[in-house]
Structures are given as C-alpha cells and as structure tokens.
Amino acid sequence: MNPRKSLFSLALATLGVCALPGAADAFTLSRVSDDYAFNDIIDELSFVAEGRIGGNSTFELDIHEDHPGVILPGDSAEFSWDNGVAQAFELMYDAVNSLVTYTVGDVTLDYTATDPFSDIFIRTRAVNAGSSIEVNNLFLDETAIDDFSIANTDDGVEYLRIGGLSGDSFKLSGDSIMSWLGEAPTQSRLAYQIKVGTSKDGSVQPEDVPEPGTVLALVVGAGALGLTRRRREETA
C-alpha cells in the first residue's frame with residue numbers, strides 16, 4: 001500500500017473522530033418521581049435558580065445556594081407573570097469566573113458558585129386546583145433537549161433530570177408557562193426550580209479528553225515517523 005495514501009487516510013479518519021461530540025457535550029435525560037426520590041439522589045447542591053408566583057412578602061425570581069435545612073442568601077427580584085403565556089429564561093454558568101447569571105425577561109440576577117456539579121434537575125410544582133406549570137423548549141448550549149417538566153394539581157411535582165455533566169461552563173435556556181384559574185396562586189404554590197449539583201450516582205467527573213488538534217497532531221506525527229522508518233528500510 002502506498003505509504004502516503006495510508007497516511008492521508010489515517011488523517012481523514014482522525015478528523016472524522018474529532019468531529020464527534022466530546023464527552024463534555026454528552027448528557028442523559030431521565031425523570032425523578034417526587035421530592036423524596038430527589039432527596040435520595042442528590043448529594044450536594046451548588047446553586048438553585050427559581051421562578052414562582054410570589055406575593056407581598058415573596059420575590060418571584062431568586063438564585064441561591066441550598067444546603068439541607070439552610071438556604072443561603074443570593075440574589076432576588078420581583079417579576080410579573082402573564083397567565084398562560086410562555087416566558088423565556090436563560091441560566092448561564094461561567095466556570096472561569098464561577099459566575100452564574102439567571103435572566104427572565106428583562107431581569108438578570110447574578111450569583112457566584114464554586115461547588116462542582118454533575119446534574120441539573122428542573123422541578124415544577126403546582127398546588128392550587130386548575131393551575132399548571134410547564135418548562136419546555138429547552139436547550140443546553142446549542143443542543144435541543146427533547147423533553148420537558150410539567151406539573152398540575154393531578155401530580156403536584158415533577159422533575160426532569162439532565163445528567164452526566166462535567167462541571168464546565170454551560171447555558172440552559174427555555175420557556176416557562178404558568179397557568180391558573182381565577183385568582184393567581186401565591187408564594188410557591190406555582191413554581192419551577194433549576195437545581196444544579198452533584199448526585200450520589202453521578203458525582204465522578206469524566207476524564208479529560210485531548211483537544212482534537214492535539215489528537216490529530218499525535219496521529220499525523222506517528223504516521224510520519226512510520227513513513228520515515230519505512231523509507232530507511234527500503235534504502236538500506
């Protein structure tokens with residue numbers, strides 16, 4: 001076989017492998033049945049972003065750190081929800097600066113989070129009769145998530161779990177739709193939470209994967225070395 005052709009084919013094959021999504025881009029989707037099951041799964045929460053029907057004494061938007069029995073202060077703001085209307089949100093984590101930004105409509109909250117994470121849990125909750133909440137149209141970075149979290153008074157609480165994350169920077173975007181009959185619920189009787197943390201079965205971080213350029217350079221270098229050795233053998 002022609003050595004140059006062999007080397008060229010090897011380079012093309014390597015480029016094909018490098019074009020595949022890396023381990024950091026992979027994630028899994030599953031459901032958690034209720035709060036009891038969530039408490040059995042979760043190991044440590046890094047931060048929680050929330051949107052809820054509030055009231056005179058409760059903010060509608062907030063982001064904070066949450067430990068068992070202790071909710072640490074974060075950032076919060078008031079917000080007006082429209083009945084049955086989709087409201088876009090965006091949750092971004094910058095791993096370089098440990099900065100979390102949570103945007104709903106024209107309101108943006110900031111928070112600093114330094115704890116690792118392996119999972120995102122999207123929790124929806126509806127208590128009052130005739131009320132419901134849905135979090136859908138989800139994207140993780142540029143990848144569409146073909147699932148949603150929806151709760152009404154028949155089930156009360158639902159969790160969508162996005163697992164297998166590496167703790168790197170991410171952007172989660174989507175829509176929330178809060179609906180109710182009659183007078184709007186108050187406090188957290190209609191709400192969603194985005195809980196980011198480590199789970200007991202997914203807290204191990206994946207191994208580092210070499211950059212595509214590094215892999216390609218190693219393969220091409222190895223191929224070139226083999227070609228040089230073969231030429232030497234032919235001329236010996």
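Visitor: Let's start with one residue. Where does Gln 187 lie?
Guide: Gln 187 sits in the loop between β13 and β14 (190–199). Helices (H or I, at least four residues) and strands (E, at least two) are DSSP runs, numbered from the N terminus. Before we go on: this is a predicted model, where local features need pLDDT of at least 70 and side-chain atom pairs count only at pLDDT 80 or more, while totals for chains, interfaces and linings use all residues. Residues are numbered from 1 along each chain as its sequence is written, and side-chain values use heavy atoms, with hydrogens and water left out.

Visitor: How many helices and strands does the protein have?
Guide: There are three helices and 14 strands.

Visitor: Back to Gln 187. What about its phi?
Guide: Here's the general idea: most residues other than glycine have a negative phi. Gln 187 is not a glycine, yet its phi is positive, about 60°. Asn 137 isn't a glycine either, and has a positive phi of about 50°. Asn 137 belongs to strand β9 (residues 132–140).

Visitor: What does the side chain of Asn 137 make a polar contact with?
Guide: A polar contact is a pair of N or O atoms within 3.5 Å; within protein, one must be able to donate a hydrogen and the other to accept it, and residues adjacent in sequence count only if both atoms are side-chain atoms. The side chain of Asn 137 makes one with the side chain of Asp 175, at 3.2 Å. Asp 175 is part of strand β13 (residues 170–179).

Visitor: How many aromatic pairs does the structure hold?
Guide: In general, a pair of aromatic rings is described by the distance of the centres and the angle of the planes. Rings of Phe, Tyr and Trp (its six-membered ring) pair if their centres lie within 6.5 Å; planes under 30 degrees apart count as stacked, over 60 as edge-to-face and the rest as tilted. The structure holds nine such pairs. Take Phe 38 and Phe 121: their centres are 5.0 Å apart and their planes are at 80°, so the pair is edge-to-face. This pair links distant parts of the chain, with Phe 38 in helix α2 (residues 35–41) and Phe 121 in strand β8, 83 residues apart. Phe 38 is buried at 3% relative accessible area, and Phe 121 is buried at 0%. Another edge-to-face pair is Tyr 93 with Phe 117, 5.4 Å centre to centre and 80° between the planes. Tyr 93 is in strand β5 (residues 86–94) and Phe 117 in the loop between β7 and β8, 24 residues apart.

Visitor: Which residues do ring pairs link into a cluster?
Guide: Phe 47, Tyr 93, Phe 117 and Phe 170.

Visitor: Last one: what does Leu 160 touch?
Guide: Contact means heavy atoms within 4.5 Å. Not counting residues up to four places away in sequence, Leu 160 touches several residues, including Ile 120, Phe 121 and Leu 138. Leu 160 lies in strand β12 (residues 157–163), and at 0% relative accessibility it counts as buried. Leu 160 and Val 32 are 128 residues apart in sequence but 6.5 Å apart in space, C-alpha to C-alpha. Across the protein, residues 24 or more positions apart account for 72% of the contacts with a separation of 6 or more.

Definitions and conventions: Buried < 20%, exposed > 50% of the residue type's maximum accessible area, 1.4 Å probe, protein only.
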